Amino acid sequence: MKQTEIDYWITSMFASYENVSDLNITVGKTLQAESAGVLMPVGVTPPVQELTPFQTEVFALNLIGNNKRLLRDLVENGSCDLSYTLDNKVRFRVNIFTQKGHFSTVLRKLETTIPTIKGMNFPTAFNKMAGEMNGLVLFTGATGSGKTTSLAALLHKINLDRSAHIVTLEDPIEYVHPHIKATFNQRELGNDFKSFASGMRAALRQAPKVILVGEMRDRETMEIGLTAAETGHLVLSTLHTIDAGQTINRILGMFEQEEQPQIRNRLADTVRWIVGQRLLPKIGGGRIAAMEILYTSLRVKDLILNGEDDEKTFYNIISQGSAIDMRTFDQHILELYESELITEKTALRYSSHRNEVARGMDTIKSSRGEATSTLSDLAMEEEEQTRW
């Protein structure tokens, strides 16, 4: 296989359907593109019925080129991350990994247009997040739930409003920000720094006002992030957790038991916002983000310091905090359902507390003059429920 053939495959996969987000190269399958969350087969000439181990290996090694660091990561860790540009028009974030002794490659399309808070119809709370001068703002959710897009919109807002130095530590760089009011230094893992912890340590000597860390992967990175937030920096980052309560517990779990009381105090002082994201299939095609938003009010700080109990939970406090821009996943899902952006089945499947969402939808249906759910309806949906 030559480079021209590989680029032809990528072009064909990308152009095969609308709303293509990911391209998948796996032994034993044909070429596949993910469209609106569903993997779909892609036809090329000559046809590829099932990819062979040789084809997937040549594909992967052509993307890696002669980069010794990536080859070392692939051999030592079983996977490597890189970015790839097709004809200077489309950029992809690429993960190459081994499975059953074969190479697999997944390419995720990177947007070239910087997202905006208004253009993405993000909540007004995002403007407040962009206005924070210090502390931690964390975005959580599964891979591919839109965390990077949300963070890019926040950085763009800061870029429009403040003459500040912004350092980003990314894996890889996705959105390339222009210098508007802010000055950007965007650094890529592997090429510009060795690890997020070392990149964070160096960033503290680079006089930034805002630091974006692609992911808080370990204790050391979190420790430096907390220190940066405590010393007057605004730190933006992500974690792979499903909601705000689990986010606090995940951070505490990075530290030893005897350290956790001190970490609780530091989190109560530094955490400003936690935003959870889930991407839901949208009526008519495409996907839409459902968001849980936590703001560290006095009640939230008390929970961070003392933990949850049967009566005091993050969920309950967030559900009662609409006056200060807080909301649960379930509240946002009901808004999306009421706006006829998602189906009833989707609302139930992606909810955190299914019975509450079912009751909320019955209220909406009743106001529309529609029939409400029956117990048998709920039982049938229970079998299909996807738990987060």
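**Entry 1: Burial and overall form**

I began with burial, and found that buried residues make up 52% of the 388 residues in the protein chain. For my notes, buried means under 20% relative accessible area, exposed means over 50%, and partly exposed is what lies in between, using a 1.4 Å probe and the protein chains only. This is a predicted model, and I kept to its limits: local features need pLDDT of at least 70, side-chain atom pairs count only at pLDDT 80 or more, and totals for chains, interfaces and linings use all residues. I number residues from 1 along each chain as its sequence is written, and side-chain values use heavy atoms, with hydrogens and water left out.

Next I looked up the overall dimensions. A compact globule of 388 residues would have a radius of gyration near 21 Å, and the protein chain has 22 Å, so the two agree. That radius is taken over C-alpha atoms, and the globule rule is 2.2 Å times the number of residues to the power 0.38. The C-alpha atoms fill a box of roughly 60 × 60 × 40 Å along the principal axes.

I also noted an accessible surface of about 18,400 Å², with 49% of it belonging to carbon and sulfur atoms. These areas come from the Shrake-Rupley method with a 1.4 Å probe; for residues, only the protein chains shown count as cover.

Then I checked contacts, meaning heavy atoms within 4.5 Å. Among contacts between residues at least 6 apart in sequence, 56% join residues at least 24 apart.

How many helices and strands does the protein chain have? I counted 15 helices and 13 strands. Both are DSSP runs numbered from the N terminus: helices are H or I with at least four residues, and strands are E with at least two.

I picked strand β1 (residues 20-25) to follow, and 6 of its 6 residues are buried. Two strands pair if DSSP finds at least two bridges between them. β1 runs antiparallel to strand β2 (residues 32-35), with 4 bridges joining them, and V20 has S35 as its bridge partner in β2. The hairpin of β1 and β2 has 6 residues between the strands, and there G28 takes a positive phi near 90°. Strand β6 (residues 102-110) is also joined to β1 by 4 bridges, again antiparallel.

**Entry 2: Two cores**

A nonpolar core is a set of buried Ala, Val, Leu, Ile, Met, Phe, Trp, Tyr and Cys residues joined through side-chain atoms within 4.5 Å. The largest one has 39 residues, and L136, M222, I251, L267, L294 and F314 touch the most other members. Which helix gives the most to this core? Helix α7 (residues 219-230) does, with 5 residues. I looked at I251 too: leaving out residues up to four places away in sequence, I251 touches L138, M222, L239, I263 and L267. A second, separate core has 29 residues, including M13, V20, L74 and C80.

**Entry 3: Loops worth a look**

I started with the loop between β3 (38-41) and α2 (53-64), where G43 is found. Is G43 buried or exposed? G43 counts as exposed because its relative accessibility is 69%. Its C-alpha atom is 8.1 Å from that of M13, 30 residues away along the chain.

P46 lies in the loop between β3 and α2, and a cis peptide bond with omega about -5° joins T45 and P46. I found another cis peptide bond between D171 and P172, with omega about -10°. P172 lies in the loop between β8 (165-170) and β9 (183-188).

A207 has phi near 55°, a positive value in a residue other than glycine. A207 sits in the loop between α6 (196-203) and β10 (210-213), and counts as exposed because its relative accessibility is 58%.

**Entry 4: Two helix residues**

T149 is in helix α5 (residues 147-161). Beyond its neighbours within four places in sequence, T149 is in contact with P115, M120, F122 and Y175. Its side chain makes a polar contact with the side chain of Y175 at 3.1 Å. A polar contact is a pair of N or O atoms within 3.5 Å; within protein, one must be able to donate a hydrogen and the other to accept it, and residues adjacent in sequence count only if both atoms are side-chain atoms.

R69 lies in helix α3 (residues 68-77). A polar atom of the R69 side chain lies 3.5 Å from the backbone oxygen of G190.
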